[in-house]
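Here are my notes on the model, point by point.

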Amino acid sequence: MCGVIGEDGLVPRARSRLPVVCAAGLGLLMLVFAWLLDSDSFRERAGMFLFCLTVERFIHSMCLFAEEWLVHSRQRYHGRINEIFQACFQGHVILGMCAIFLMLMFGGVSFSHEQWSTMTITCAVYLLLNSLGVLGPAPVEISEICEVKKMNVAHGLAWSFYIGYLKFVLPDLQNKINQYSSTRVKLSSPRLHILLPLNAVVPNKPEEEDTNVVFHENLPELELDIAGVRNRSFKNCVYKINQDNKTFSCVLEYATPLRTLYQMSQESSAGFGERERKQQVLLLYRTLSQILENSLECRNRYRLILLNDEHTGDRHYLSRVIIQHLKQQDGEIHMDPIREPPNEIHPVPEEGQIKNFRGALYATFPEDQMSSEPTLMFSPPQPLRSEPVETTDY
């Protein structure tokens with residue numbers, strides 16, 4: 001689960017199709033305006049521009065094909081010409097060129113010398129501007145392409161974090177907490193709290209950020225054989241958070257992929273500045289929350305806490321935010337789906353049907369706070385200004 005208070009104003013949402021709709025609407029209006037200005041030659045001029053645009057895109061694709069075929073044929077495509085062709089030529093360009101060829105050969109379409117000259121100049125100007133990068137995509141378009149195609153650094157780190165760590169740890173978390181709580185103090189929350197600072201600065205110990213957050217002890221370890229490593233150990237830590245003479249305890253850690261983002265921003269060869277780093281942190285949070293919410297094994301077993309980096313001078317910011325999230329979870333109402341009763345029938349005491357109804361219901365349908373089945377949770381609004389954060393080593 002993610003902390004959602006203030007999230008809408010910080011975590012970027014997926015881009016919509018508004019630019020496409022606006023461009024299509026303006027294009028149609030301009031065509032209508034051009035037709036009203038000169039309806040007699042509108043059809044002829046529109047055909048010329050369609051011809052120019054199609055030829056321009058085809059020539060540009062031919063230039064791309066020359067590079068891929070002459071330089072990268074073996075390394076990237078294993079000598080398969082059909083793959084090179086598919087990578088360089090879009091379907092509508094091929095169909096447009098076929099239509100133009102048929103119209104010129106059999107449709108009786110012809111252009112004057114002046115028209116051919118105009119179209120040639122138009123194609124030349126397009127190719128020159130495109131080669132100089134003037135017609136290249138805007139930064140926002142590149143960002144959208146990377147998000148849609150899942151090509152951002154954050155997407156890879158989020159999936160790596162989930163598959164290489166959270167997918168093992170979260171499903172087994174309730175068992176480890178049960179083992180821990182049977183001999184020690186009960187935790188304030190049964191979830192794994194993952195901290196994600198916006199500045200991607202991940203300390204080795206939370207005590208370095210806030211003295212009110214104190215390490216208590218480790219949960220029982222999970223050992224698995226993974227990728228040739230025998231008995232690989234996965235550990236989670238229990239921390240105590242003190243505030244106003246009250247003590248809370250929970251399983252807490254930072255999201256270790258943030259260390260990668262921070263180190264990349266420190267390397268000039270990575271081409272990764274501070275602004276890009278913050279955007280990737282937010283995308284990591286959004287992607288990770290989507291992955292975990294779609295995982296029945298991990299749902300309701302985590303809490304992502306995004307930490308704002310604008311809390312200079314607040315020495316106990318971390319403990320205050322964690323406690324706010326713990327208190328918010330106390331007010332959540334769990335609505336688990338009704339389960340089939342077990343085969344074993346538990347006897348119900350006969351003294352008073354109403355008095356013993358709760359005991360009979362519990363005996364027939366035992367509770368499971370960390371069920372992997374989908375659940376609905378409602379929490380009353382509280383003034384949380386910080387975002388969920390995740391912190392974990394894997």
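1. Cysteines. The structure holds 0 disulfides, taking a disulfide as a pair of cysteine sulfur atoms within 2.5 Å. C52 is in no disulfide, and its nearest cysteine sulfur, that of C123, sits 4.7 Å away. C52 is buried at a relative accessible area of 3%, and C298 is buried too, at 0%. Buried here means under 20% relative accessible area, exposed means over 50%, and partly exposed is in between (1.4 Å probe, protein chains only).

2. What you are looking at. This is a predicted model, where local features need pLDDT of at least 70 and side-chain atom pairs count only at pLDDT 80 or more, while totals for chains, interfaces and linings use all residues. Residues are numbered from 1 along each chain as its sequence is written, and side-chain values use heavy atoms, with hydrogens and water left out.

3. Overall build. The chain has 13 helices and 9 strands; these are DSSP runs numbered from the N terminus, with helices being H or I of at least four residues and strands E of at least two. Of the 394 residues in the chain, 35% are buried. Looking at contacts between residues at least 6 apart in sequence, 76% join residues at least 24 apart, where contact means heavy atoms within 4.5 Å. The chain exposes about 24800 Å², with carbon and sulfur atoms supplying 58% of that. Accessible areas come from the Shrake-Rupley method with a 1.4 Å probe, and for residues only the protein chains shown count as cover.

4. The nonpolar patch. Have a look at F101, L102, L104, M105, F106 and W116, which make a nonpolar surface patch of about 660 Å². Patches are built from residues with over 30% relative accessible area and no salt bridge; like charges are joined within 9 Å, and nonpolar side chains (Val, Leu, Ile, Met, Phe, Trp, Tyr) within 5 Å. Helix α5 (residues 91-106) gives the largest share of the patch, 5 residues. L104 is found in that helix, α5, and is partly exposed with a relative accessible area of 36%.

5. Helix α10. Which residues of α10 are buried? In this helix (residues 257-266), they are P257, L258, L261 and S265. Seen down the axis of α10, the buried residues fall within an arc of 105 degrees, so they line one face of the helix; the arc is that of the directions from the helix axis to the C-beta atoms. They pack against α8 (153-169), β1 (192-197) and α11 (274-293).

6. Y262, also in α10. Y262 is found in helix α10 but is partly exposed, with a relative accessible area of 28%. Not counting residues up to four places away in sequence, Y262 touches N199, A200, V201 and R277. For Y262 and R277, 15 residues apart along the chain, the C-alpha atoms are separated by 7.1 Å.

7. As background, most residues other than glycine have a negative phi. D244 sits in the loop between β5 (237-243) and β6, and N245 lies in the loop between β5 and β6 as well. D244 is exposed, with a relative accessible area of 68%, and N245 counts as exposed at 87%.

8. S249 in β6. Buried or exposed, what is S249? At 8% relative accessibility, S249 counts as buried. S249 lies in strand β6 (residues 246-254). Leaving aside neighbours within four places in sequence, S249 is in contact with K186, L187, S188, S189, V238, Y239 and K240.

9. Salt bridge. The structure holds 1 salt bridge, defined as a side-chain nitrogen of Lys or Arg within 4 Å of a carboxyl oxygen of Asp or Glu. The side chains of R80 and E83 meet in it at 3.3 Å, N to O. R80 is partly exposed at a relative accessible area of 42%, and E83 is partly exposed at 29%.

10. Q86. Q86 has its place in helix α4 (residues 81-88) and is exposed, with a relative accessible area of 61%. The C-alpha atoms of Q86 and F65, 21 residues apart along the chain, are separated by 9.6 Å.
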